[in-house]
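Hi,

Here is the structure I promised to pass on.

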Amino acid sequence: MEHVIEVRELRKEFKRLIPKEGFLSSIRNLWNTNYTVHTAVDNISFQVKKGELVGYIGPNGAGKSTSIKMLTGILVPTSGEVKVAGRVPYLERKEHAKNIGVVFGQKTQLWWDIPVIESFRVLKTIYKIPPTVYKKNLDLFRELLDLHEFEHQPVRQLSLGQRMRADLAAALLHDPQILFLDEPTIGVDVLAKERLRAFIREINRERGVTVLLTTHDMTDIEKLCNRMMIIDGGRILYDGSIDDLKKRFGGERTLIVELDEGQLAQPLDLPHARITRQEGRRMWLAFDKDLVTASELMLQIAQHHTIRDVTVEEPEIEAIVRQIYEQGLNEKEERERVAVLDI
Ligand SMILES: Nc1ncnc2c1ncn2[C@@H]1O[C@H](COP(=O)(O)OP(=O)(O)OP(=O)(O)O)[C@@H](O)[C@H]1O
């Protein structure tokens with residue numbers, strides 16, 4: 001299958017000034033040539049197939065925005081290769097722009113003071129969108145995103161959820177093959193999030209638009225993506241399916257059993273489970289699913305106890321990801337490599 005994003009050994013370093021302190025420091029800083037070099041993206045490699053919807057996650061400062069900026073052509077890499085739809089983004093910015101749509105949740109791409117529909121018309125001219133394509137897309141986005149509610153209002157008057165809907169539509173008017181979404185659900189309420197997710201799913205499935213989604217919201221990832229990449233300290237720590245992530249790092253599941261009154265006096269003898277919590281007649285039993293299944297555990301308990309109710313809790317993706325960030329961060333501290341240059 002065709003790869004629409006190809007990244008090989010991609011690296012981005014930023015120079016940071018080491019400020020001089022003391023007498024006349026602000027003036028002396030004008031001639032300051034002491035820098036530290038910070039590696040924001042550290043030789044990452046990955047490929048994305050046409051039509052994939054990939055989650056790109058990582059803690060603050062991990063290198064997500066820097067990588068997205070290299071993929072969209074805003075930043076020039078320090079070294080390595082990047083190709084999007086067969087083009088090198090920073091070398092062919094104009095042609096590249098026709099292939100991609102970009103939404104930054106924190107910052108609108110629309111003009112603040114003019115009505116949304118006028119911004120769309122400007123984009124139609126900039127991207128030379130044929131009238132039939134423009135009309136077809138606008139009609140569809142009006143229907144899917146209820147744009148008519150606010151399309152004649154200037155962007156500055158819109159709620160955050162409305163603004164995201166307008167930004168999503170704007171990013172897709174020119175039929176791009178690839179959509180980069182940087183926190184598209186940030187700050188919007190639960191219902192509005194659902195609506196944005198439904199739209200992203202629709203354009204991915206129905207139009208085959210490849211999506212790279214950056215978010216801190218694990219529900220976005222669970223509801224939208226099959227594949228997830230975790231970046232930290234500029235390196236990719238995980239690249240695979242969410243199911244595999246749960247299998248590899250999910251560790252324990254929990255069986256919650258509610259026993260009949262008066263049975264708690266008899267101890268539970270379960271070699272492959274341990275009690276992690278108890279409230280009244282309810283017990284939380286952690287178990288490794290590779291050693292014992294939930295139904296085997298229930299049978300073992302039922303030999304000596306009467307079970308009134310039972311539920312199994314899956315490991316939460318949020319907790320797994322938190323664990324990976326914590327472990328990753330420890331490693332990162334060990335390999336902190338900051339070279340001081342005196343240019
Ligand atoms: N223009 C710049 N100059 C110097 N350092 C930078 C610059 N842009 C980013 N960095 C640094 O590079 C690292 C990666 O930043 P980046 O913005 O890519 O992180 P992120 O994963 O997008 O974080 P967040 O989730 O907070 O948006 C950070 O340490 C950041 O301070």
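**The four-stranded sheet**

One of the sheets here is open and antiparallel, with four strands in the order β11-β12-β10-β13. Its edges are β11 (273-279) and β13 (307-313), each of which pairs on one side only. From one strand to the next, the twist averages 25°. Before you go further, keep in mind that this is a predicted model.

Strand β10 (residues 252-259) is joined to β13 by six bridges, with the two running antiparallel. Helix α10 (residues 294-302) lies across β10, β11, β12 (282-288) and β13, and runs at about 155° to β13.

**The six-stranded sheet**

There is also an open sheet of six strands, ordered β5-β6-β7-β3-β8-β9, and its pairing is mixed. Here the edge strands are β5 (100-104) and β9 (235-241), with pairing on one side only for each. On average, neighbouring strands in this sheet are turned by 15° against each other, direction ignored.

Which way do β3 and β7 pair, parallel or antiparallel? Strand β3 (residues 53-57) and strand β7 (residues 210-214) are parallel, paired over four bridges. Within that pair, Tyr56 stands opposite Thr214 of β7.

Two helices to look at on this sheet:

- Helix α2 (residues 64-72) packs on the sheet and touches β3, β5, β6 (178-182), β7 and β8 (227-232). The direction of α2 makes about 155° with that of β6.
- Helix α9 (residues 242-249) also packs on the sheet, touching β8 and β9. The direction of α9 makes about 110° with that of β9.

**Around the ligand**

The residues around the ligand are Phe14, Arg16, His38, Ala40, Gly58, Asn60, Gly61, Ala62, Gly63, Lys64, Ser65 and Thr66. Elements giving two or more residues to that shell are β1 (3-17), β2 (34-49) and α2. And which element gives the largest share of the shell? That is α2, with three residues.

Sorted by class, the shell has seven polar, three nonpolar and two charged residues.

Cheers

Notes. Residues are numbered from 1 along each chain as its sequence is written. This is a predicted model: local features need pLDDT of at least 70, side-chain atom pairs count only at pLDDT 80 or more; totals for chains, interfaces and linings use all residues. Two strands pair if DSSP finds at least two bridges between them. Axes are lines fitted to C-alpha atoms, for helices over the stretch in contact, and angles run from 0 to 180 degrees between N-to-C directions. Two residues are in contact if their C-beta atoms, placed from the backbone, lie within 7 Å. A residue is near a molecule or strand if its C-beta atom, placed from the backbone, lies within 6 Å of it. Ala, Val, Leu, Ile, Met, Phe, Trp, Tyr, Cys and Pro count as nonpolar, Asp, Glu, Lys and Arg as charged, and the others, Gly among them, as polar.
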